[in-house]
Amino acid sequence: MKTFKYLVNGLEVEAKYDEEDIDKVYKPLLNHWYDLYKQKQCRIVIFIAGCPGSGKSTFVSFLEYLFNQMDFDCKLQTVGMDGFHYYNEELDKMNLRKEKGSPRTFNVEKLKQKIIQTKKEDCYWPYYSRKLHDPIENQIFVHSEIIIIEGNYLLLKDEPWNQLERLCDESLFYNVNVEELQDRLILRKMKGHLSKEEAIDFYNASDKKNVETVINRSKKADIVLNIAKNRVYWHYLVFFDTNWHEFCYIGSERRS
């Protein structure tokens with residue numbers, strides 16, 4: 001494992017990634033998106049979806065960091081959909097404050113229009129403040145050639161979320177098994193000063209439902225990464241280039 005330090009949501013994080021995964025999965029993935037950008041000759045938008053607690057924010061920040069270390073003649077930038085939460089004041093009016101984080105608590109139409117704008121021009125995106133627990137408008141200037149948007153519900157089949165998929169050039173699902181997710185989400189709430197019992201109750205009342213929604217209601221992504229203990233243990237990629245590729249990768253074993 002190799003340790004990296006970079007910023008996630010304004011905070012420095014320390015993340016570990018296996019060097020073999022970097023060379024055989026993540027760098028080829030970034031090379032593929034670069035080729036896709038060159039092929040289309042315009043800004044491309046990539047969706048990365050996954051369950052709450054799967055580590056998407058850390059992962060996409062690592063991809064941005066790794067891309068910047070490689071020899072590309074364009075830029076890659078990552079943004080999240082959390083800035084499109086309804087404001088707490090709006091959630092209170094809709095009586096949805098207690099289920100904040102569920103699909104119903106996001107302004108999907110606002111997100112849709114922002115993605116449409118992003119595909120056409122540089123623009124500002126909102127940011128979700130973990131201090132205010134509310135979005136703040138016009139905080140992130142989106143200007144790069146390759147834009148990765150990450151979020152739990154980007155691939156949902158349900159209205160109005162299903163209107164988003166056609167706006168991306170490619171999608172990836174970052175899949176972590178449910179047992180790991182449960183442990184991570186409970187620990188996250190305990191770090192937020194809940195007791196273990198309170199954290200378990202919150203998981204069962206809220207997080208578990210959101211995890212099940214993502215797993216059961218998401219469309220099939222173009223690319224899937226299955227992760228266990230921070231290692232890619234199986235994945236398939238279907239690339240739109242001169243050939244279609246589909247392969248499995250398990251640790252150091254690769255099978256075409």
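In this predicted model, a polar atom of the serine 129 side chain lies 3.2 Å from the backbone nitrogen of lysine 131. The backbone nitrogen of leucine 132 is 2.9 Å from a polar atom of that serine 129 side chain. A polar contact is a pair of N or O atoms within 3.5 Å; within protein, one must be able to donate a hydrogen and the other to accept it, and residues adjacent in sequence count only if both atoms are side-chain atoms.

Residues are numbered from 1 along each chain as its sequence is written. Because the model is predicted, local features need pLDDT of at least 70 and side-chain atom pairs count only at pLDDT 80 or more, while totals for chains, interfaces and linings use all residues; side-chain values use heavy atoms, without hydrogens and water.

Serine 129 belongs to strand β5, residues 123-129 (strands are DSSP runs of E, at least two residues, numbered from the N terminus). Serine 129 counts as buried because its relative accessibility is 7%, and buried means under 20% relative accessible area with a 1.4 Å probe, protein chains only. Leaving out residues up to four places away in sequence, serine 129 touches Asp134 and Ile136, where contact means heavy atoms within 4.5 Å.

Now take the chain as a whole. The protein chain has six helices and twelve strands (helices are DSSP runs of H or I, at least four residues). Of its 256 residues, 47% count as buried. Among contacts between residues at least 6 apart in sequence, 67% join residues at least 24 apart.

How values were computed
Buried < 20%, exposed > 50% of the residue type's maximum accessible area, 1.4 Å probe, protein only.
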